[in-house]
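Have a look at the structure first.

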Amino acid sequence: MKSLILTEKPSVAMDYAKALGNCARHDGYLEHDKYVITWAVGHLVTLKMPEDYDPALKTWAFEKLPIIPEMFDYKILDKTKNQFFNIQKLLKRSDIESILIGTDAGREGEVIARLILNQIGIMNKTVFRLWTSQALTEPVIRDLLRDPEPAENYDRLWDAGICRQKADWLVGINATRAATAKFGSGEMFSIGRVQTAVLALIVDRRREIENFKPEKYWIVEALFKNEKGSWLGKWIKDNESIIKAKDQAEAIVLRIKDKTGLVDKVEKEQKKQAPPQLYSLTELQKDANKLYGFTAKKTLDLAQALYEEHKCLSYPRTDSRVMGSKNLDVAKKKIDLLQKDYPDIFKDLVPGLVSLENKRVFDDEKLTDHHALIPFQAVPAAAKEDEKKIYFMVLKRFAAVFHADYEYEQTIIWTAVQDDLFKTTGKITLKEGWKKLYQEKSEEDTEEPDEKLPALQQGDAGQVLKVNLKEEQTKPKPDYTEATLLTDMTNPAKYVSDAEMKRLFKGDIGLGTQATRAAIIETLIERSYVERKVKKLIAMEKGCFLIDNIRKYQTISILAFPEHTGKWELELERIAQGEERSDFLDDIKAFVRTIIEELKKSTTQYQKPKNILGKCPLCGLDVVETPKAYGCSGYKEKGCNFKIWKTIAGKNISEKTAETLLSTKKSKKLKGFKSKAGKNFEAALYIDDQGNVKFQF
Ligand SMILES: [Zn+2]
């Protein structure tokens, strides 16, 4: 009798075959003495779409909403159906007595496998799960096969996964169809449980910046000097150094000029800073965005390649920042191995910290389905440059967590010039500890460099050598970058208030999951809700319109308030942890019915912003895109007739060509024109003094 191993994709099946040896290749599977190895190609089975239930639902009419299937049905995806039938044949073989689920060890992998098995039926075979955070090397695979877990251990993940899928289907299909029908004017308005909440964050940030009114304020600094040295102090009163009125600041300058200050107090405090924790995927995405400008998606793809192809990184889709007590041995082995390859990085490691006492690294209470990201072996020389960047971030962090604390002495000097008080702060490094590994600075690193201060004592006098009066301005919060957006997507305090909720979430919590956050950002960009400008993510008109309009209604507005949708995520997390929440989907159905009622009332139509290509050469107004031409926007009011036809002599004139024509009055030589006689020709276009577009040969 044999066991059937079901993996998530062909490359993983090959890993198993390699570890087992002596496998014969067949169409859609590999066969060994004891095992048959087959694969999915991502999802093979998916929820049916509305038109699968009723062909009339193919058109998106508002009157047909809400769409709530009595029973959810599944269908086989057409493009991968051959592989589905291959698996079906294998499951029917009488010599197969058990099934080993070897899809990715996460909720998505669980759903992929179970949907296939449910669709086919398991024919009384026993089902096991192969679950590991480790890269699938030969020894790891041999260990897994020796001791597979019962599949029931992961039922809760399957429950939560399927529940999430149905909830997202109900909200996504209904809200998207409703919004598109109502706001439409030909534009699609996608709405999603997580997607729309994240969009709301970005829209609110844009508004906050637009509405921000900068205020001027002043700072007074005094440079003191005596025989011990010099020090710069900042004027301060009641813990506040900002001075709101200019005349008040000028008065201070006059009062202290050329005076002598007296050191009132010198405070010294020794402080420690523990190393940062191991990386979860989201934390890695944040840092890679800060350091290298990588998008969240790019970082995920690079980490995935390091795990899957190069086998030098642990399973990347993790939300843990710790390892479990069971992982102590793995950690020790990896340190032994890696310090041979990277002696510099590991040379100051403190062996005593590689112990279960070190709760910042080993903490079962905070462990989720996978431990934090760690390196498994040296990165192969063949890995790409960007892959190496990600690898070294993880490697350095893995070493840093076993380094001593960073220790420093903080000094605060208070200097008084009669009644005016000045504060000077400085920092002296006592012990570098883990910071030795983090010498280079990222551009967003705002930490001040160490400042050496003279050895002053209470009662020391200092001449006021110079006074600076600085005019400053309050600044709005900056635009989101992927790093700051990921921070707000995973900020527990923002979404989860009570302690019980915090207990439920052990890893990174908030909007979306570690596996989906990157894709959500990309979706918002694809939908023209958000644009990416270098590192910044900025809400576009269409995104603002959607958020403004769904916030007009009480129930659907929930989707545009992240703290509400964050609570749904929490409900799903409860299911994933084995709690019974049978009414969850009923709540979602009620929600869907209400939002359709609400949107029925909406009459607002979205006006797509006019695409401005340049200035009219005749009257100077904007030239905008119309169905057939790029024409002057003064056509109606001023009767200006200027236009560049979108098709000239059989050739399509691109926006780019129109822009060039408007700004320089001529284009470069273009190919593909056709004369009335049917002859192809090439020519440049130019605009003459009367505003006519003509050929230049
Ligand atoms: Zn005009």
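The lining of the second largest cavity splits into four nonpolar, no polar and four charged residues (Ala, Val, Leu, Ile, Met, Phe, Trp, Tyr, Cys and Pro count as nonpolar, Asp, Glu, Lys and Arg as charged, and the others, Gly among them, as polar). Keep in mind that this is a predicted model: local features need pLDDT of at least 70, side-chain atom pairs count only at pLDDT 80 or more, and totals for chains, interfaces and linings use all residues. Residues are numbered from 1 along each chain as its sequence is written, and side-chain values use heavy atoms, with hydrogens and water left out.

**Cavities**
- A cavity here is a set of points on a 1 Å grid over the protein atoms alone where a 1.4 Å probe fits but cannot get out, and lining residues have an atom within 4 Å of a point.
- The second largest cavity, at about 70 Å³, is lined by V12, D15, D104, A135, L136, Y307, E308 and K311.
- The largest cavity holds about 100 Å³ of space, and its lining has seven nonpolar, three polar and two charged residues.

**Zinc site**
- C616, C619, C632 and C640 each give an SG donor to the zinc ion, at 2.2 to 2.3 Å (donors are N, O and S atoms within 2.8 Å of the metal, or 3.2 Å for Na, K and Ca).
- Their spacing along the chain reads C-x2-C-x12-C-x7-C.
- The arrangement is tetrahedral because the donor angles run from 98 to 120 degrees, and the cut-off asks for all angles between 85 and 135 degrees.
- C632 is buried at 6% relative accessible area (buried means under 20%, with a 1.4 Å probe and protein chains only).

Definitions and conventions. Tetrahedral: all angles 85-135°; square planar, octahedral: opposite > 155°, others 65-115°. Buried < 20%, exposed > 50% of the residue type's maximum accessible area, 1.4 Å probe, protein only. 1 Å grid on protein atoms, 1.4 Å probe; cavity = no way out; pocket = protein on both sides within 12 Å on 5 of 7 lines; lining within 4 Å. Points joined across faces, edges and corners; volume = space filled by probe spheres on them.
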